[in-house]
Amino acid sequence: MNGSRVAAIVLRMIYLYRGSPQRIFPIFVWVAVDILLWGFLTRYLNSVSRADFNFVPALLGAVLLWDFLTRVMQGVTMTVFEDVWSRNFLNFFATPLRTSEYLAGMVAAAVMTSLVSLAVMVVFARAAFGLSFLTYGVALAPFLMVLFLTGIALGVAASAIVIRLGPASEWLIWPIPMLISPFAGVFYPVAVLPGWMQTIAIILPPAYVFEGMRAVVGGSPPPWDRLALGGGLAVIYLVLACVFFFAMYGAVIRTGLIARYSAETVT
């Protein structure tokens with residue numbers, strides 16, 4: 001793998017964002033809207049609840065962690081979408097660029113955008129509602145790592161779907177985090193779900209993160225064994241997503257469907 005080629009993918013995204021500030025604007029806007037909406041909701045719940053429980057780290061913290069996963073996934077998919085929208089996808093692979101290098105560049109670009117988004121979330125939540133991620137203690141690092149790996153896996157798999165089904169399939173990609181969140185128990189314990197949903201939650205790495213987050217907020221020690229299981233699942237899904245990406249790219253090359261990226265439709 002050639003590091004300079006991977007860096008070129010990241011550099012292209014940097015130039016793209018630098019030349020089009022409107023692409024950066026939504027990152028801050030949606031983060032701010034989520035923080036304000038859930039921040040005021042948690043403040044209201046604290047004012048009307050008689051329980052000795054702080055809803056800010058439980059609910060607002062859950063929103064920020066889930067937003068982090070979503071931004072990571074979108075950081076991967078947006079690299080592909082930008083190339084598809086600009087009809088630039090084929091140009092990359094007319095060069096000596098390898099598929100693995102393009103994939104690595106996608107992940108590196110996702111790291112860049114997700115770190116910026118995370119920094120904005122932390123600063124804004126702290127300033128507006130006094131939420132400190134230090135509330136989660138040493139468990140914060142595994143929380144973020146499991147969500148990061150899961151977001152990368154989702155982004156790579158979603159990009160493979162777009163490559164296989166064509167540009168119009170991007171509309172299948174945007175709702176993925178929303179579809180997963182009810183099963184992951186982002187805002188409530190997995191135990192309240194019906195049995196069939198709990199079965200699905202068992203195989204979702206984020207479910208272990210949010211269960212662990214609620215345990216820490218409730219004063220219990222972090223469930224390291226459960227977090228390790230969630231991390232192991234995230235690694236497995238990431239490997240499977242990369243295999244899926246290579247398989248889909250190979251399929252569109254063999255069948256000639258790659259031509260769809262140079263035209264709106266294939267005839």
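I took contact to mean heavy atoms within 4.5 Å. The model I consulted is a predicted one.

**Entry 1: Glu 101**

I began with Glu 101, which I found in helix H5. I set aside its neighbours within four places in sequence and listed what else Glu 101 touches: Met 1, Asn 2, Arg 5, Val 6, Ile 9 and Pro 96. I then looked up one of these partners, Arg 5. Glu 101 and Arg 5 are separated by 96 residues in sequence, yet their C-alpha atoms lie 6.6 Å apart in space. Is Glu 101 buried or exposed? I read a relative accessible area of 1% for Glu 101, so this residue is buried, given that buried means under 20%.

**Entry 2: helices H5 and H10**

I next turned to the packing of H5, residues 99-129, against H10, residues 224-255. The axes of the two helices are 11 Å apart, and the angle between them is about 130°. I therefore recorded H5 as oblique to H10. The crossing of H5 and H10 I noted as right-handed.

Which residues make the contact? On the side of H5 I listed Thr 99, Ser 100, Tyr 102, Leu 103 and Met 106. On the side of H10 I listed Cys 242, Phe 245, Phe 246 and Tyr 249.

**Entry 3: aromatic pairs**

How many aromatic pairs does the structure hold? I found five, and I examined two of them in detail.

The rings of Trp 38 and Phe 187 have centres 4.6 Å apart. Trp 38 belongs to helix H2 (residues 25-48), whereas Phe 187 sits in the loop between helix H7 (176-184) and helix H8 (195-202). The pair therefore ties together parts that are 149 residues apart in sequence. I also looked up the accessibility of each partner. Trp 38 has a relative accessible area of 21% and is partly exposed. Phe 187, at 33%, is likewise partly exposed.

I then took up Phe 245 and Phe 246, which I had already listed in the contact of H10 with H5. Their ring centres are 6.3 Å apart and their planes are at 85°, so I recorded the pair as edge-to-face. Phe 245 is buried, with a relative accessible area of 0%, whereas Phe 246 is partly exposed at 38%.

Notes: Residues numbered from 1 in each chain as written. Predicted model: local features only at pLDDT ≥ 70, side-chain atom pairs only at ≥ 80, totals over all residues. Heavy atoms only, no water. Axes fitted to C-alpha atoms, helices over the stretch in contact; angles between N-to-C directions. Helix = DSSP H or I, 4+ residues; strand = E, 2+ residues; numbered from the N terminus. Parallel < 35°, antiparallel > 145°, perpendicular 65-115°, else oblique. Left-handed = near helix turned anticlockwise from the far one by under 90°. Phe/Tyr/Trp six-rings, centres within 6.5 Å; stacked < 30°, edge-to-face > 60°. Buried < 20%, exposed > 50% of the residue type's maximum accessible area, 1.4 Å probe, protein only.
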